[in-house]
Amino acid sequence: MADIAHTGIGIERRALSSSAGGNVSDFITLMKPRVMSLVIFTALTGLVLAPGTLHPALAFIALLCIAVGAGASGALNMWYDADIDGQMQRTAARPIPRGHVTAEEALTFGVVLSVFSVFTLGLIVNWVAGALLALTIAFYIFVYTMWLKRRTPQNIVIGGAAGAFPPMIGWAAVTGSVSVESILLFLIIFMWTPPHFWALALYRCRDYERVGVPMLPVVAGRLETRRQIVIYSALLVPLAVLPALMGFAGAFYGATAIILGAVFMALALGIWSAEDDRKVDHIARHLFRFSIFYLFMLFAALLVERVAAAVMS
Amino acid sequence: MNEPEDEAERRRRQRMRSLAIGLALAALAILFYVATIVRLGGNVMNRPL
């Protein structure tokens, strides 16, 4: 583990409060609550869409375990990446670079939460869901954070799988298995991840360059990144309509996926055709924010449709 | 931050962390209790004496 005392932006803040130890809020920050909220939401959708029933108390426990497992991944990621986090504008205020929490505390926190979340989910709900949660955490830490992130521009393409598992875990919590429908939900998030992160990487390119993380704009250039954003968006948009075409989502979802997909594609093409870097960055910021809204709305549409059908029947 | 203030802040944060751990453990105990009742239902009383 790199010595965080050598990180640039973090040094000053570290000296101020390191002796007081971390606040409870620092440990909550370690769990990346914003990422966690999207994980909970997509897992809930998988849980609601799955055929069969699960006692509400067990469903709540399943969601709690998935949320805590995602939080544990976040803490372990911050432990491993503390050296580069301190040098990047976006991440310099995280608890380890600021000196509020030591790297060892974050590691212990992450490991304890990982073990508890996986075993609780396995024991109380079922072991397929527990195993998928363990796979998600392991994939995020060992495959994405430790192996791919600092080695290849394909880091977020392959690593994106970790973020795509939650609806599959939710589905498995109810059915005890994996099915075509849950794989499709997985694929939607998997295909969504590259344009989402590359939009961010376009306007945060210097940050990644400074710390040597080979994000696509750093390694292959901005033009290639813009091209790849268009390619992955063109794959994502029709894929997101598939649940309606396959019959496990209805017309409301289909319409939502088509309309929002058209906006997504328009922004991706906007990035591709923009004449100068400032314009590209401007649209990339829009695409990054819109992509979060897009994914949220797709899953919300699935959820609303299923709840409405249950109320009417 | 001078030393006495730093020490007071350190103690406050330690107390808050201990409280959070205590609450988390209590929540875990309740969670396992509820899960046991839900899983076993009436059978929770059905055991050889």
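Here is a walk through this structure, from model confidence to a pocket and then to the salt bridges.

Chain A averages a pLDDT of 92, and 94% of its residues score at least 70. The stretch to watch is residues 1-17 of chain A, where the pLDDT is below 50. That stretch still has 34 contacts in the model beyond near neighbours in sequence. Where pLDDT is low, though, the predicted coordinates should not be read in detail.

Now turn to the second largest pocket, which holds about 1,000 Å³ of space. Its lining is made up of 28 residues. If you want to find its centre on screen, look for A:Phe109 and A:Leu113 from chain A, along with B:Ala20, B:Ile21 and B:Ala24 from chain B, which are the lining residues nearest to it. Both chains contribute helices here: α2 (24-30), α3 (33-49), α4 (56-80) and α6 (103-125) of chain A, plus α1 (3-40) of chain B, each give at least two residues to the lining. What is that lining like by class? It has 23 nonpolar residues, three polar ones and two charged ones.

Next come the charged pairs. Over all chains, the count of salt bridges comes to twelve. Take A:Asp85 and A:Arg94, whose side chains meet at 3.1 Å, N to O. Are these two buried or exposed? A:Asp85 counts as buried because its relative accessible area is 2%, under the 20% cut-off. A:Arg94 is buried too, because its value of 15% also falls under 20%.

Another salt bridge joins A:Asp281 to A:Arg222, with the closest N and O atoms 2.7 Å apart. This pair links distant parts of the chain: A:Asp281 sits in helix α15 (residues 277-312) of chain A and A:Arg222 in helix α13 (residues 222-245) of chain A, 59 residues apart. A:Asp281 has a relative accessibility of 22%, so it counts as partly exposed.

Over in chain B, the side chains of B:Glu7 and B:Arg10 form a salt bridge at 3.0 Å, N to O. Both residues belong to helix α1 of chain B and lie three residues apart, about one turn of the helix. B:Glu7 is partly exposed at 31% relative accessible area, and B:Arg10 is partly exposed at 27%. Finally, some salt bridges share partners, and these join A:Asp81, A:Asp83, A:Lys149 and A:Arg150 into one network.

Note on methods
Residues are numbered from 1 along each chain as its sequence is written. Chains are lettered from A and ligands numbered from 1 in the order in which they are written. This is a predicted model: local features need pLDDT of at least 70, side-chain atom pairs count only at pLDDT 80 or more; totals for chains, interfaces and linings use all residues. Side-chain values use heavy atoms; hydrogens and water are left out. On a 1 Å grid over the protein atoms alone, a cavity is a set of points where a 1.4 Å probe fits but cannot get out, and a pocket is an open set with protein on both sides within 12 Å along at least five of seven lines; lining residues have an atom within 4 Å of a point. Grid points are joined across faces, edges and corners, and a volume is the space filled by probe spheres set on the points. Helices (H or I, at least four residues) and strands (E, at least two) are DSSP runs, numbered from the N terminus. Ala, Val, Leu, Ile, Met, Phe, Trp, Tyr, Cys and Pro count as nonpolar, Asp, Glu, Lys and Arg as charged, and the others, Gly among them, as polar. pLDDT is the predictor's confidence in each residue, from 0 to 100. Contact means heavy atoms within 4.5 Å. A salt bridge is a side-chain nitrogen of Lys or Arg within 4 Å of a carboxyl oxygen of Asp or Glu. Buried means under 20% relative accessible area, exposed over 50%, partly exposed in between (1.4 Å probe, protein chains only).
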